[in-house]
Amino acid sequence: MIIENAMIVSNVEIAIGIWQMTLLAPEVSSHYKGPGQFINILSADSWEHPVRRPMSIANVNGENINIIYKIFGNVTQQLSQKVPGDSLNILGPLGNVFTGWKTKRTVLLGGGVGLAPILNLYESCPNSTLIIGARTADEHFMEHEPGKNIFLTTDDGSLGVAGNVLTVLENLDFNDQIIIYACGPKPMLKAIQHFAAKNSVKAQLSVESYMGCGLGLCQGCVIERQNEQMKKHSYHEKYTLVCMDGPVYWSNEVCFG
Ligand SMILES: Cc1cc2nc3c(=O)[nH]c(=O)nc-3n(C[C@H](O)[C@H](O)[C@H](O)COP(=O)(O)OP(=O)(O)OC[C@H]3O[C@@H](n4cnc5c(N)ncnc54)[C@H](O)[C@@H]3O)c2cc1C
């Protein structure tokens, strides 16, 4: 992994509160392994926000890295004020990648800030069924095109299917040959985990837990493993670090509490 001062090429609001930033990062992009990986961003060279913020890689195009981010707090607000020519210190590429998508019929689900890795994977498997959820129409920047297997959902019914990504998933004509890939808020991942277990379907989930260093040092991103075979009550058998072991897990590997 690399630390690099990346230059901002563009930074555009693509939906209400959702931004896309392109970074020129020749070193980090040259080590990129695939959809699922992320970078850890230092927004300013000061003590104001000393902890990096993780952002999934939405796309790598030559030496350029794209991220898609939603404004949540101070750092994402700061990011939205950056202009082309500014630089950002980034650490990456970090984390593992989605696997197995070349051999199965794939269903891709993204919700909230979990869009980026899912859209990245969709570029690699465009024949997938794509289901993207948001609270309201303003937060979407794609078209609802059921004929092309692209489904948008909104909590308030203002665009696409009223409901959430599960509303579409549960009504799909699927068989046990599908494989699900998902990223989004914890309740969404928990519901997909439940769906996968109930229907004996495989699912890989990209987990966006709180994170600090991205290097396994601070232990800030720990989540619990599902481990029925645990012989000893050891820390490493019971817990996993999202930054080092993830962020992508099989749905039956982890617990969401
Ligand atoms: C591996 C990974 C990949 C990620 N990829 C993306 C991405 O592609 N795009 C994107 O917009 N965000 C992504 N995130 C989440 C992103 O890192 C946080 O939104 C960001 O750190 C918020 O920083 P902030 O200073 O703006 O907000 P903060 O002030 O840190 O947080 C404001 C509020 O946002 C919520 N929040 C912050 N971080 C998280 C989190 N990790 N999970 C759930 N809620 C949170 C909390 O309610 C918090 O009170 C990712 C997180 C991880 C771990």
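**Core packing, strand pairing and local geometry**

The structure described here is a predicted model. A second, separate core comprises 22 residues, among them Ile118, Leu130, Tyr181 and Val248.

The largest nonpolar core contains 33 residues, and those that touch the most other members are Val107, Leu109, Ile131, Leu169, Ile180 and Ile192. At least two residues of this core come from each of strand 7, strand 8, helix 4 (165-169), strand 12, helix 5 (186-198), strand 13 (202-206) and helix 7 (242-245). The greatest contribution is that of helix 5, which gives 5 residues. Both domain 1 (2-94) and domain 2 (105-250) are represented in this core, each by at least three residues.

A search of the whole structure returned 1 aromatic pair. Phe98 and Tyr181 form this pair in an edge-to-face arrangement, with a centre-to-centre distance of 5.6 Å and an angle of 90° between the planes. Phe98 belongs to the loop between strand 7 (87-94) and strand 8 (105-111), whereas Tyr181 belongs to strand 12 (residues 178-183); the pair therefore ties together parts that are 83 residues apart in sequence. Phe98 is buried, its relative accessible area being 3%. Tyr181 is likewise buried, with a value of 0%. A further arrangement involving an aromatic ring concerns Trp250: the charged end of Lys202 sits over the ring of this residue, at 5.3 Å from its centre.

Helix 3 (residues 115-124) is mostly covered, with 8 of its 10 residues buried. The buried residues of helix 3 are Leu115, Ala116, Pro117, Ile118, Leu119, Asn120, Leu121 and Tyr122.

Strand 6 (residues 64-70) is also mostly covered, 6 of its 7 residues being buried. Strand 6 pairs with strand 2 (residues 18-24) through 7 bridges, and the two run antiparallel. Within strand 6, Ile67 stands opposite Met21. Antiparallel pairing also links strand 6 to strand 5 (residues 59-61), here over 3 bridges. In this case Val60 stands opposite Ile65 of strand 6. Strands 5 and 6 form a hairpin with 2 residues between them, and Gly62 in the turn adopts a positive phi of about 60°.

Gln20 is located in strand 2. The relative accessibility of Gln20 is 26%, a value at which the residue counts as partly exposed. Leaving aside residues up to four places away in sequence, Gln20 touches Ser10, Asn11, Val12, Ile14, Asn66, Ile67 and Ile68. Gln20 and Ser56 are separated by 36 residues in sequence and by 12 Å in space, C-alpha to C-alpha.

Several features of the backbone were also identified. A cis peptide bond connects Gly92 and Pro93, with omega about -10°; Pro93 is placed in strand 7. Another cis peptide bond connects Gly246 and Pro247, with omega about 10°; Pro247 is placed in the loop between helix 7 and strand 16 (248-250).

Positive phi values occur in residues other than glycine. Ser200, which is not a glycine, has a positive phi of about 50°. Ser200 lies in the loop between helix 5 and strand 13, and is exposed, with a relative accessible area of 59%. For Gln219, phi is near 60°, again a positive value in a residue other than glycine. Gln219 lies in the loop between strand 13 and strand 14 (222-224), and at 34% relative accessibility counts as partly exposed.

Technical notes: Residues numbered from 1 in each chain as written. Predicted model: local features only at pLDDT ≥ 70, side-chain atom pairs only at ≥ 80, totals over all residues. Heavy atoms only, no water. Phe/Tyr/Trp six-rings, centres within 6.5 Å; stacked < 30°, edge-to-face > 60°. Helix = DSSP H or I, 4+ residues; strand = E, 2+ residues; numbered from the N terminus. Buried < 20%, exposed > 50% of the residue type's maximum accessible area, 1.4 Å probe, protein only. Lys NZ or Arg CZ within 6 Å of the ring centre and 35° of its normal. Pairing = 2+ DSSP bridges. Core = buried A, V, L, I, M, F, W, Y, C linked by side-chain atoms within 4.5 Å. Domains from an automatic or database assignment. Contact = heavy atoms within 4.5 Å.
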